[in-house]
Each structure stands twice: as structure tokens, then as C-alpha cells.
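This report describes a sheet, its helices, the nonpolar cores and a few loop residues. The structure is shown first.

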Amino acid sequence: MSPHAARSLDEFRGRLSLSPVAEIIAESLDAGHGSRGLGVFLALAERADLSVPGSGSLAGVPVAVKDNLDTHDFPTTGGTPALASSRPGRDHHAVARLRAAGAVVIGKTNLHELALGITSNNAAFGPVRNPHDPSRSAGGSSGGSAVAVATGIVPIALGTDTGGSVRVPAAHCGVVGWRPTVGRWGTGRGVPISRTRDTAGVLAATVGDAVLVDEVVTGEPAAPVPRHLRIGVSRPGFWDDLHPEVAEAMERALDDLANGGVELVETAVADAHALDAECGFPIVFHEIAQDLPAYLATLPGPERELTFADVLDRTASPDVRAALEVAASGTVTEDVYRQALATREQLRAAYRAALDHPDGPIDALVYPTVPMPAPPLGDDETTEHNGRQVPTFLTNIRNTGPGSTAGMPAISLPVATTSTGLPIGLSIEAAPHGDARLLAVSRAAERVLTGSPAR
């Protein structure tokens, strides 16, 4: 098997009919080079402990879980030294629902420390490497989960997304990344950044697999695939300054969608990036200073005595330390935070206006997930883009950030690769709480873009 051959749930089910799950995982780890320096797992179950449950829509399906989501049988480290031995002894809501459907959690995946970054270059536990080119970033912060799916070790893996942390690694690794509306997949029971922006999500091989996981987690049935789609193309800001091969791939994708019967509508999310720049980080810095200590206080072990300062003092990654220092400084006062929330409402209104088109409502917006392919590993501060040095973090989340701040559900689909084999992702985004409809739209778009039947 290729080290970047994602396997769908149907393929795994076919293998389960022939072999026990422990044998399949052993084969996948070997064939997918899961232990060949890609930095995927922080904790892996003993193979002898894996068994196939007898029933459920995910019976026997192996699942990996990002190591900032609580699991009753594994540590939850958040990828940071202060929590290296933390065992919450409980499951995040999404984890519990997957287990109830028969899924087998095989391990916890590596991430950017405390999920506060976009490269998964973790100074404490080592970097996650891109399976298409190990000298490149896998994206973050859910890099380990994306690689686990991209290498075929598991068909689905849970991640989290605050500003792009599911969709960016999905784009860089060539898999599907689904970010639900905040709250749809439960809250709490995970190492937090921002209660306003955090959500669990899933990395998968196909949109259909993401739909099934969403059904399992929420109990909400899938929406029918629509026959006619109106998709908005908001070019200002989202389509500017793209890497040439990303720009070419995106235009081909638009042509394919149009030729497949999708109605493309020019629209604009007015001042999306300026509004996000004004409010996105203040919300995060204010909320993590409150939400992280609140999470620590719920832990059953000695970690419950940790303070925010304790975690900061032991943080290993320089970029994460710098972010926590801003959060700890008190510069984002209550007044600044309230103003940021007010600005967020302006951003949400801008998205509503873009979707409520004068010629009729738009189903969703489409844009390049990331303006460039995966950057070289180690480019944590700046990286080369179109002949100049640009901020790595801000460039990678340029398109995913505004919708995250506004609370939009979104999904990234793999649509192309560069001449050197690096994946390129396209994102589809809709109004908050329009998740089922967005997933149905995405299934239809995937069918057009890949020529595969919708499932």
C-alpha cells in the first residue's frame, strides 16, 4: 500500500470480514509506514487488547483520536509536557458515540503543542511529517490524525478545529477534513483553546465517511444529496495571492463544478479578513486564559493542581509559548474581549449577507483551503510563498480563519496535487447549524469533482 493511500470505511469493512482488527492494524502500520518517522502516534493500544465488537454501524472499525480529546483508556497530553501523564478517565462526547457504534480506538495522535499552531512541529514530542514528502509539514494542529488517515492506518480519525486545525492538515495530506458547527459534537472533555471557536471534527477518506461519522456523533440523519446547487465564489481575499499550482487547480475545480451542473455565483464576504484580524485572536487569548484552568480543575490526577502559569512554564514549542505569554499578560481585558465579540457579530453578518444573494440564497461558499502547498518542516515563523517570505501561521489559516471565528461549519476536499505530488484542498463552507445540508452539498460536489457516485 502507498504511504498516502487513504482507505474508506467500506474498504476497512471488507478487510474486517477476513481478518481480526489487531491483524489489520499491524498490517496497516507496517504498510503505511506509521512507525517510519512520520510522528503520528503519541500512544498506541497493545495489539492484543484489540477486539471486534459484535454490532453497531462502526463495528470493528479502528479509529485514532487527537491527543487533546479525552479518552478513558489513554492519556490526554495535549501534546504538552505538563500533561504528559494526565489520564482524565473519561471520553469526549464524540469518542463515546463512536465507541457505542462499535468503533475501536487504537491510539492517540500527535499534534501541534496544545493545538496552538498549524505545522504540528511539536518541540516536546517531535514533528508530524507529511506522508507525501517527509521534509514537509503535515499541517496542524491535527497533523497526526490527518497522517493516520492518509497512510491508511485508520479510515477515520478525530481531530479538533479552532481556526483550521482539521481542514489545513486535511488539505496538506490529501484527505477529507470536516469541521462541524461549534457545539454540534459536544463541548468540554478536551484540552481547550476557545469555547467560542473550538470543535471536534473528523479526518476521513471520503465525504460519505464524514457523513456517517457525523450521523453517529449527532444522531441526526443525513440530508439527501441535492440535485441543484448554488455555490458562491467569494474571490476578494480568499482567492488572492495563491501559489500558481493552487490557483490552477482551483480554476479547474470551478470548471468541473460548472460543467457538472453546479451554478456558481460571484459573491463577497465583505471585510472578512479585516474583521477576523480584529477579533479572532483576542477571543482566543481571553478564553484560553479562562478555559484551560477550568479544564485542569476537572482532572482526577495531580494535574488538577496545575495553574496556567505552570503549563506555560513547561511549554516546549517557542511559538506556543509566545501565544500563551500573550494570553497570560492580561492585555486582552474584559472590555477588549467584549469588543471582539461585537466585531465577531459583524463578521457573522457579513457571511449571512454573502449567502443571502440578491438573486437567491446560496447553498455554500467555496475557496482554496490553503493558499499554498505544505511548507517545509521547520518553517514555523516564516516560509517562502510566491517569491517572498510570509508568516507561516497566518498564511496557512488565511482562508480557514474567518469562517472559524464566525462559527461556520466547513469541509476540505482533496482535489489535486502539485507537480511534486503535494496535495491541494478545496473548502466548502455554510451558515452555522446548516451542517447536514452542507455535508449533502459536499457529497454532490465530491461526486462531480471525482466522478465517483455519491454515497
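Helices and strands here are DSSP runs, at least four residues (H or I) for a helix and at least two (E) for a strand, numbered from the N terminus. In those terms, Asp363 is found in the loop between β14 (360-361) and β15. The model is a predicted one.

**Sheet**

Eleven strands form an open sheet with mixed pairing, in the order β1-β3-β2-β8-β10-β9-β18-β19-β15-β11-β12. The edges are taken by β1 (41-44) and β12 (263-267); each has a single partner strand, so one side of each is left without a neighbour in the sheet. On average, neighbouring strands of this sheet are turned by 30° against each other, direction ignored.

Towards the β12 end of that order, strand β11 (residues 230-234) pairs with strand β15 (residues 364-368) in the parallel sense, over three bridges. Within this pair, Ile231 stands opposite Ala364 in β15. Elsewhere, helix α3 (residues 93-100) lies across β2 (62-66), β3 (104-109) and β8 (156-161), and runs at about 165° to β8.

Asp363 is in contact with His228, Leu229, Arg230, Ala430, Arg437 and Val441, leaving aside its neighbours within four places in sequence. With Arg437, a polar contact of 2.7 Å joins the two side chains.

Helix α14 (residues 435-450) has 16 residues, and its first and last C-alpha atoms are 22 Å apart, close to the 22 Å expected at 1.5 Å a residue. Its buried residues are Asp435, Ala436, Leu438, Leu439, Ala440, Val441, Ser442, Arg443, Ala444, Ala445 and Glu446. Gly451 follows α14 and has a positive phi, near 75°.

**Nonpolar cores**

The largest nonpolar core has 72 residues, and those touching the most other members are Leu58, Leu98, Ile156, Leu158, Trp185, Trp239 and Ile428. Helix α6 (residues 207-218) supplies the largest share of this core, seven residues. Not counting residues up to four places away in sequence, Leu58 touches Leu9, Arg13, Leu98, Ala101, Gly102, Ala103, Ile156, Leu212 and Val216. Another core lies apart from the largest one; its 28 residues include Leu111, Leu114, Val191 and Ala340.

**Two buried loop residues**

Asn399 is found in the loop between α12 (392-396) and α13 (401-406). Its relative accessibility is 0%, and buried means under 20%, so Asn399 counts as buried. Leaving aside neighbours within four places in sequence, its contacts are Gly237, Phe238, His273, Tyr367, Pro368, Thr369 and Pro371. His273 is 126 residues from Asn399 along the chain, yet their C-alpha atoms are separated by 8.3 Å.

Thr315 lies in the loop between α9 (308-314) and α10 (318-329). Thr315 has a relative accessible area of 4% and is therefore buried. Beyond its neighbours within four places in sequence, Thr315 is in contact with Thr80, Glu113, Leu114, Val320, Arg321 and Leu324. Among these, Leu114 is also a member of the core of 28 residues.

| Side chain | Partner | Distance |
|---|---|---|
| Asp363 | Arg437, side chain | 2.7 Å |
| Asn399 | Arg398, side chain | 3.2 Å |

How values were computed: Residues numbered from 1 in each chain as written. Predicted model: local features only at pLDDT ≥ 70, side-chain atom pairs only at ≥ 80, totals over all residues. Heavy atoms only, no water. Pairing = 2+ DSSP bridges. Axes fitted to C-alpha atoms, helices over the stretch in contact; angles between N-to-C directions. Contact = heavy atoms within 4.5 Å. Expected span 1.5 Å × (residues − 1). Buried < 20%, exposed > 50% of the residue type's maximum accessible area, 1.4 Å probe, protein only. Core = buried A, V, L, I, M, F, W, Y, C linked by side-chain atoms within 4.5 Å. Polar contact = N/O pair within 3.5 Å; in protein donor to acceptor, adjacent residues only side chain to side chain.
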